[in-house]
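Thanks for coming. Please have a look at the chain on the screen, and I will walk through a few places in it.

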Amino acid sequence: MRRMSVFPQHGTALETLGLTANEIRQEVENKTSELVSDLVNLSAGGRFQAIRSLPMSFNERKTIRNRVNSVKLSKTILSADCRQQVSRSFRRFRASLASARQHLVVWQDTLKEIGGRFGTSVLSYFLFLKWLLKFNLFSFLINFCFITIPQIVHAPNISSVTGFRGLELLTGVGYFNQTVLFYGGYNGEVIVSTPAYNMQLAYFFTIAAYLVLCGVSLIYSMSRSFQNNFVLETGPVSGGAWRLLCSWDFGVVNEKAIQYNKNNLGIQLKESLSERLQEKNKTSLSDRIKRLSLHLLAWLLSLGLALGSGAGIYFLGTDKLTFNFDNDPNDLKAEASTLLLPVVVSLINLIVPLLYSLISKMESYSNPRAQIYISIIRNVVLKMSLLGILCFYWLNFVPNKISCWESFVGQSVYRLLIIDFIFCLIGIFFGEFLRNVIGTMCIQSLGVPEFDIARNVLDLIYAQTLAWIGIYFSPLLPVMQVLKLFIIFYLKKISLSMNCQPPKHTGRAAQIQTVFIALLFFPSFVGTLSMVAFTVWRLRPSDQCGPFQGLDTPFYAIFNWIDSIQDPPESKWVWWIFENVLRSELFYYLITLIILVITFFLWQITQGRKQLIKTLREQIVNEGKDKVFLLNKLQTIQKQRREMASYIPQDFDQTTHFNTNWMSTLPFEM
């Protein structure tokens with residue numbers, strides 16, 4: 001079939017009418033001009049569809065489109081098309097901005113690579129690390145902008161500067177002793193400017209605002225994670241059928257990682273079946289007594305190790321580490337001795353969890369999920385007991401023995417953070433690299449080590465707790481935490497690619513991310529908030545250093561500020577709010593009551609949704625039963641019809657009978 005064209009070929013109907021070639025070309029040009037003028041008046045979408053539907057070849061349609069575009073460009077009024085072109089340009093610009101923003105996101109491609117090779121469970125560790133990095137980066141920015149920069153511009157509170165010797169990078173003392181890195185490098189003077197800048201209020205409100213924002217962010221993240229991992233993944237939907245049909249990680253593209261995921265899925269199905277069998281199988285009374293006795297003994301050993309470690313740290317801190325630079329700031333031996341406590345703490349955090357693993361293997365838990373939770377609880381008890389002993393020592397003994405005790409506490413936290421980072425590097429080398437070499441070359445039965453998500457996340461929580469504890473005593477301590485997390489990210493990525501394999505219990509590890517966020521909130525953040533609040537409300541600040549020197553407690557800076565704004569009429573409303581609202585017990589009672597009412601209301605909504613889900617599931621089950629009943633009924637009816645159709649009578653009269661009174665059967669009268 002020949003394609004139609006507005007450009008005539010030889011032997012067309014126009015030639016049969018006796019027209020010349022010029023007349024034919026003129027007629028074709030007129031038709032083409034009329035077509036172009038009609039297309040110009042259409043909208044962009046209609047014009048595109050009209051040109052596309054023309055019965056012409058591609059080149060001819062292209063020629064028509066070019067003529068239409070040239071005619072439209074020659075016009076001066078292009079309102080509709082201009083709006084469409086501008087809208088299209090803005091959409092393209094917005095898409096390019098979105099693409100550029102994705103490229104500017106930190107570690108975007110790296111995280112995609114990790115998720116594609118090792119799955120979302122391993123990726124969750126790196127996302128948690130990135131989340132903590134944002135916390136500390138935000139803390140550094142607000143502390144540096146509102147506390148450090150005004151102090152540096154005004155003039156640092158430096159009485160004497162010791163020469164840099166290199167050991168300060170580990171100890172935090174010496175050259176750093178009177179710098180803005182620690183509490184003693186700040187003073188409480190009012191910077192003369194327009195308006196005046198009060199360093200006491202800046203120091204207090206900056207730390208308080210950061211802690212409040214951290215608390216709000218943690219509560220929001222914990223609630224979202226709880227909703228996704230506990231509320232939406234509980235009940236029958238998290239059973240074996242759901243895990244088999246809906247739990248595949250489609251982000252994994254690496255062939256080796258796909259095989260790992262297949263094996264992990266098989267392990268999870270076996271675990272789910274074994275848990276169901278354990279619920280059905282009832283053990284004897286003697287076996288249960290033996291198991292409870294073994295668990296009780298294991299818990300006694302675990303608590304004994306935690307208490308013994310805490311007692312050792314307490315006596316080591318009170319007896320040996322009362323180093324004070326007021327006597328001899330150039331004593332390198334005394335300065336190096338301050339590293340003894342953080343080294344011992346890091347050794348305990350490294351060795352005791354290994355003993356906990358041996359104890360857990362002796363218990364031989366049949367439920368892997370219970371084993372993971374118990375291991376987490378024991379490690380949290382160990383780490384929080386060590387930090388609790390250290391905080392008790394810092395807040396009860398140090399203020400009575402050292403003149404600038406806030407800087408001493410900041411330096412102690414700095415040393416703990418640095419030594420913990422060094423032990424983390426040692427753990428990556430010995431615990432993962434050498435373990436991989438031994439498992440692949442020497443003792444192949446050991447195999448490639450697994451990436452322990454729980455232990456690594458607990459290490460991050462411990463380090464973040466240290467950073468939060470030291471935020472009041474060392475405002476720039478988040479800088480060290482940012483550098484530490486940044487280096488650990490790349491080292492863990494390299495070690496994961498070269499030395500480790502994904503864990504076998506990926507589904508279980510991914511589901512306990514809510515537990516990790518909850519642990520970061522309590523006891524980590526809540527304990528830190530309690531310590532800082534106790535320091536601000538109860539302890540007397542140093543008389544020789546810091547922004548709050550000369551006050552009974554740091555909170556008295558707020559009272560002095562409120563008294564100063566009581567007389568001016570333009571700020572009297574602030575004094576009224578502070579005296580009648582913030583200092584009133586009734587206000588906090590009402591706030592607590594409102595929070596409880598909102599919590600109860602949300603809890604009732606959750607219970608209602610759970611009941612609705614239960615009812616809908618029952619309806620699904622009932623509808624399934626109804627369908628089974630109807631199908632059985634339909635099959636019975638079909639079977640009866642087949643039996644009736646297969647029955648043929650033996651005596652069948654084929655003679656035609658005629659009714660003579662057929663006229664009486666008609667419905668009308670003839």
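The secondary structure here comes to 24 helices and two strands. Keep in mind that this is a predicted model. The chain has 670 residues, and 36% of them are buried. Its accessible surface is about 40500 Å², and carbon and sulfur atoms account for 64% of that area. On contacts: among those with a separation of 6 or more, 75% are between residues 24 or more positions apart.

Now to the salt bridges. How many salt bridges does the count come to? The count is nine. I will go through some of them.

Start with Arg378 and Glu363, whose side chains meet in a salt bridge at 3.0 Å, N to O. Arg378 sits in helix H15, residues 368-396, and Glu363 in helix H14, residues 340-363, so this pair ties together parts that are 15 residues apart in sequence. Are these two residues buried or exposed? Both Arg378 and Glu363 are buried.

Arg378 also comes up when we look at Ser302. Ser302 belongs to helix H12, which covers residues 285-320. Setting aside residues up to four places away in sequence, Ser302 touches Tyr356, Ile359 and Arg378. Ser302 counts as buried because its relative accessibility is 3%, and the cut-off for buried is under 20%.

Next, Arg455 and Asp452. Their side chains form a salt bridge at 3.9 Å, N to O. Arg455 is partly exposed, with a relative accessible area of 39%. Asp452 is partly exposed too, at 36%.

One more pair is Asp543 and Arg540. They form a salt bridge in which the closest N and O atoms are 3.8 Å apart. Arg540 has 44% relative accessibility, so Arg540 counts as partly exposed.

What does Val344 contact, leaving aside its neighbours within four places in sequence? The contacts are Ile313 and Leu316. Val344 is partly exposed, at a relative accessible area of 24%. There is also a pairing across the sequence to point out: Val344 and Leu416 are 72 residues apart in sequence, and their C-alpha atoms are 9.9 Å apart in space.

The last item is in the backbone. Which two residues does a cis peptide bond join? They are Phe522 and Pro523, with omega about 15°. Pro523 is found in helix H21, which runs over residues 513-537.

To recap, there is a buried salt-bridged pair, Arg378 and Glu363.

Definitions and conventions. Residues are numbered from 1 along each chain as its sequence is written. This is a predicted model: local features need pLDDT of at least 70, side-chain atom pairs count only at pLDDT 80 or more; totals for chains, interfaces and linings use all residues. Side-chain values use heavy atoms; hydrogens and water are left out. Helices (H or I, at least four residues) and strands (E, at least two) are DSSP runs, numbered from the N terminus. Buried means under 20% relative accessible area, exposed over 50%, partly exposed in between (1.4 Å probe, protein chains only). Contact means heavy atoms within 4.5 Å. A salt bridge is a side-chain nitrogen of Lys or Arg within 4 Å of a carboxyl oxygen of Asp or Glu. Accessible areas come from the Shrake-Rupley method with a 1.4 Å probe; for residues, only the protein chains shown count as cover.
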